[in-house]
Amino acid sequence: ELSYLYDFYGALLKEKNQEIFEDYVLNDLSLGEIAAEREITRQGVYDVVRRCSNKLFEYEKKLHLVEKFQM
């Protein structure tokens, strides 16, 4: 589900957040791997992923693009 949402609304996220979200959701890297690569904490990575996920769900709630696409 997050992949679909990201396909439609990912461009609306900040570039840094896009990269972290892609690493976690699309590239299947762990929080620890992303944190080590970017030299931030695992909690920081988790917060970015959670915020991005919430934003994507908000966009879908308002715009319904994924819902219309799946019909």
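This is a predicted model: local features need pLDDT of at least 70, side-chain atom pairs count only at pLDDT 80 or more; totals for chains, interfaces and linings use all residues.
View A. When residues up to four places away in sequence are not counted, asparagine 17 touches Val48 and Cys52.

**View B. The crossing of helix 2 and helix 4.** The two axes approach within 9 Å and cross at roughly 95 degrees. That angle falls in the range from 65 to 115 degrees, and helix 2 and helix 4 are therefore roughly perpendicular to each other. Helix 2 contributes Asn17, Ile20, Phe21 and Tyr24 to the contact, while helix 4 contributes Val45, Val48, Val49, Cys52, Ser53 and Leu56. Sorted by class, the contact of helix 2 with helix 4 comprises eight nonpolar residues, two polar ones and no charged ones.

**View C. The crossing of helix 3 and helix 4.** Helix 3 (residues 31-38) and helix 4 (residues 42-63) have axes that come within 8 Å and cross at roughly 110 degrees. This angle makes helix 3 roughly perpendicular to helix 4. On the side of helix 3, the residues in contact are Leu31, Gly32, Ile34 and Ala35; on the side of helix 4 they are Arg42, Val45 and Tyr46. The contact of helix 3 with helix 4 divides into five nonpolar residues, one polar and one charged.

**View D. Valine 45 and the largest nonpolar core.** Which residues of the largest nonpolar core touch the most other members? Among its 15 residues, these are Ile20, Phe21, Val45 and Leu56. At least two residues of this core come from each of helix 1 (2-9), helix 2 (15-26), helix 3 and helix 4. Helix 4 gives the most, with five residues. Around valine 45, with neighbours within four places in sequence left aside, the residues in contact are Ile20, Leu31, Ile34, Ala35 and Ile40. As a general background to this view, nonpolar side chains tend to be buried together in soluble globular proteins.

View E. The model holds four aromatic pairs. In one of these, the ring centres of phenylalanine 8 and phenylalanine 69 are 5.4 Å apart and the ring planes stand at 65 degrees; this angle is over 60 degrees, so the pair is edge-to-face. The pair links distant parts of the chain, since phenylalanine 8 belongs to helix 1 and phenylalanine 69 to helix 5 (residues 65-70), 61 residues apart. Phenylalanine 8 has a relative accessible area of 31% and is partly exposed, whereas phenylalanine 69 counts as exposed at 53% relative accessibility. Ring pairs join Phe8, Tyr9, Tyr59 and Phe69 into a cluster.

**View F. The setting of the close-ups in the whole chain.** The secondary structure of the protein chain consists of five helices and zero strands, and its elements run α-α-α-α-α from the N terminus on. The C-alpha trace spans about 40 × 20 × 15 Å along its principal axes. Of the 71 residues of the protein chain, 30% count as buried. Among contacts in the protein chain with a separation of 6 or more, 53% are between residues 24 or more positions apart.

Definitions and conventions:
Residues are numbered from 1 along each chain as its sequence is written. Side-chain values use heavy atoms; hydrogens and water are left out. Axes are lines fitted to C-alpha atoms, for helices over the stretch in contact, and angles run from 0 to 180 degrees between N-to-C directions. Helices (H or I, at least four residues) and strands (E, at least two) are DSSP runs, numbered from the N terminus. Angles under 35 degrees count as roughly parallel, over 145 as roughly antiparallel, 65 to 115 as roughly perpendicular and the rest as oblique. Contact means heavy atoms within 4.5 Å. Ala, Val, Leu, Ile, Met, Phe, Trp, Tyr, Cys and Pro count as nonpolar, Asp, Glu, Lys and Arg as charged, and the others, Gly among them, as polar. A nonpolar core is a set of buried Ala, Val, Leu, Ile, Met, Phe, Trp, Tyr and Cys residues joined through side-chain atoms within 4.5 Å. Buried means under 20% relative accessible area, exposed over 50%, partly exposed in between (1.4 Å probe, protein chains only). Rings of Phe, Tyr and Trp (its six-membered ring) pair if their centres lie within 6.5 Å; planes under 30 degrees apart count as stacked, over 60 as edge-to-face and the rest as tilted.
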